[in-house]
Structures are given as structure tokens and as C-alpha cells.
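Let's work through some exercises together. Keep the picture at hand and try each task before you read its solution.

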Amino acid sequence: MGFEMKPEKDVMELIASKNQCKANPNSVNNKKKKKNKNKKVMMTWRRKNKIDSPVDEITAVRRLFNTCKEVFSDCGPDVVPSLDKITHLREILDNMKPEDVGLTPTMPYFRPNVVPDNGYSPPITYLHLHECAQFSIGIFCLPPSGVIPLHNHPGMTVFSKILFGTMHIKSYDWVVDAPMRDPKTRLAKLKVDSTFTAPCNTSILYPDDGGNMHRFTAKTACAVLDVLGPPYSNPEDCTYFLDFPFDKISSGDDEVFRCEEEEKEGYAWLQERDDNPEDHTNVVGALYRGPKVDD
Ligand SMILES: [Fe+2]
């Protein structure tokens, strides 16, 4: 930088020593001049210090954190932030890049890994950035073929930003007032069934629409920045599902669910899984090492 910062006292002593060779050092005029000169140098020092200081810079991840604090300040389960706040947070996330959170696709989390024999996902890494009562911020790091199985977000608003890579997202919302197939199987409407490649816009889901139940399948190595408001209170709040085509369970005799063929394509039965989520989620936590998030 070509500028060596010194404490104010040392700067004053340095200036004073340079002025010692001047004639009549004790004259009133000289004292005044010296004082003014010192003041001028100090002001210059302060101004330059202010311009060069990184203290005033705000990182992208800090901006995200501050925005989340505003957006979710008066939210809770089933309370969706206002449209203005959602738009603001979406814009912040839309512009975020892997380097803003210290990630590159060459990191070990993203290396191709052997797909287990049971057909479940290779290990996925979760980097925890922040969690409070109002919201959480985290990053899922998926190697190629990594799968986050179909799961729900009860009462939440969720922002998902793919930082890099290609990801297939399939999501559903419940069909309101539809009869249950059985106590653990409910009718859902397909919301998203598409492949996304970064850079792409942030996707948002809500408590009752936008695809509250979703599955992520990594086509290449991917990083997904996730903001949840509010976060899960405990792991049991998250339910995992298996999805079955509508007509695979509905028989032709079933008058309640009889409909046109083309209408069936947009629906599926979601059945709660009985197996232990830890057996099929394969997500491991790791320390986030990117730029500092909170205070
Ligand atoms: Fe999710």
C-alpha cells in the first residue's frame, strides 16, 4: 500500500523532531505554524487511513446475513415475509458467487465419489454458516450424482441459490382438501421438474406453494446456498417421502381420483418414509471456512 500506519503519538513525535532545526523554535509564530502544520498532517493521515481501511467494506456474505435479519425479523412458522422483503433477499442471492463463500469446484467436497451399492447418494457436505430462531444459512456441497431425497419444509419460506453446477429439482405442493390415500400417503401436485445450471436465479418455496417438498439431484458437482426462515426446530420436523405416479396407486374403480389421463401427469402420491432418514440422506457436516458471516 506504500503507507505505514503508525500510532498518532509516534506521528506527532516524528513531526516534532523534524521541526527542531528551525530558527527560533520558541517564537510564538513558529509555535503556531508548527501546531497548524501538525494538524494538517494529522488530518491527512486520518483521511488517508479512512480511505484505505477495509473496515468500511461489506462482504457479500455479511450483506446476506444483514438482509436476512431484516427480512425474517418478524417472521415465524407459516408467516411469509412481505413481497418487498422477498424481492430484496432474492436480489442479494441472485448476485452471489462461489467465491463469496470461499468455495471452488476443485475442493474435495465436490470430487466424484463412488455411488453406494444401496443406490443412495454419495456423501454430501453441509457447511453451516448461521442459525438463529428466525432463519438459518447453509451450503450443501454435492458431488456428481449426489441426491438430497424428497423432503418437506413445514411452515417455512426457503431460498435456494445454485452457486455452481447443474442440478435437477423436482418439487411438489399438497393438493388441499384431497382425501388421503392412507394415513401416510397424500396427493400432491407437481410444481417443478427441471434441470438448472448456474448462473440461474434463486428458487423460492413457501409454506403452501412454490414446491414445499423437493428433491435435489446433482448432474455435475454443485453447491447450493440455502436460506430457511424459520429453520427446523429439530430434525424430526423434516419428513422424507417416496413419490409414486398418480395412476400407479389409483385404480380404475376409484371414483374419487378418476380424472383425464393428461391431468394425472401433474400429480403424484407422496408416502412418508418409514426408514431412518440417516440411512438414506448421507449428509455430513463440515466447518465453514469462508468470509465471516455474523458478529
Ligand atoms: Fe430442502
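Two strands count as paired if DSSP finds at least two bridges between them. Keep in mind that the model is predicted.

**Exercise 1.** Find the order of the strands in the open sheet of six strands, and say which strands stand at the edges.

*Solution.* Reading across the open sheet, the six strands come in the order 7-4-9-2-1-12, and their pairing is mixed. Strand 7 (203-205) and strand 12 (283-286) each have a single partner strand, so one side of each is left without a neighbour in the sheet, at its edges. From one strand to the next, the twist averages 25°.

Now look at one pair: strand 1 (residues 124-131) and strand 12 run parallel and are joined by four bridges. Ile124, for example, has Val283 in strand 12 as its bridge partner.

**Exercise 2.** Work out how helix 3 is oriented relative to helix 4.

*Solution.* Start with the axes of helix 3 (residues 60-71) and helix 4 (residues 83-94): they come within 10 Å and cross at roughly 170°. Angles over 145 degrees count as roughly antiparallel, so helix 3 is roughly antiparallel to helix 4. Their crossing is left-handed.

Next, find the residues that meet: in helix 3 they include Leu64 and Val71, and in helix 4 they include Leu89 and Ile92. Sorted by class, this contact has five nonpolar, two polar and three charged residues.

**Exercise 3.** Which way do strand 5 and its partners, strand 6 and strand 8, run?

*Solution.* Strand 5 (residues 166-174) runs antiparallel to strand 6 (residues 185-197), with nine bridges joining them. Here Met167 stands opposite Phe196. Strand 5 and strand 8 (residues 213-218) also run antiparallel, joined by six bridges.

Conventions. Residues are numbered from 1 along each chain as its sequence is written. This is a predicted model: local features need pLDDT of at least 70, side-chain atom pairs count only at pLDDT 80 or more; totals for chains, interfaces and linings use all residues. Axes are lines fitted to C-alpha atoms, for helices over the stretch in contact, and angles run from 0 to 180 degrees between N-to-C directions. Helices (H or I, at least four residues) and strands (E, at least two) are DSSP runs, numbered from the N terminus. Angles under 35 degrees count as roughly parallel, over 145 as roughly antiparallel, 65 to 115 as roughly perpendicular and the rest as oblique. A crossing is left-handed if the near helix is turned anticlockwise from the far one by less than a right angle, and right-handed if clockwise. Two residues are in contact if their C-beta atoms, placed from the backbone, lie within 7 Å. Ala, Val, Leu, Ile, Met, Phe, Trp, Tyr, Cys and Pro count as nonpolar, Asp, Glu, Lys and Arg as charged, and the others, Gly among them, as polar.
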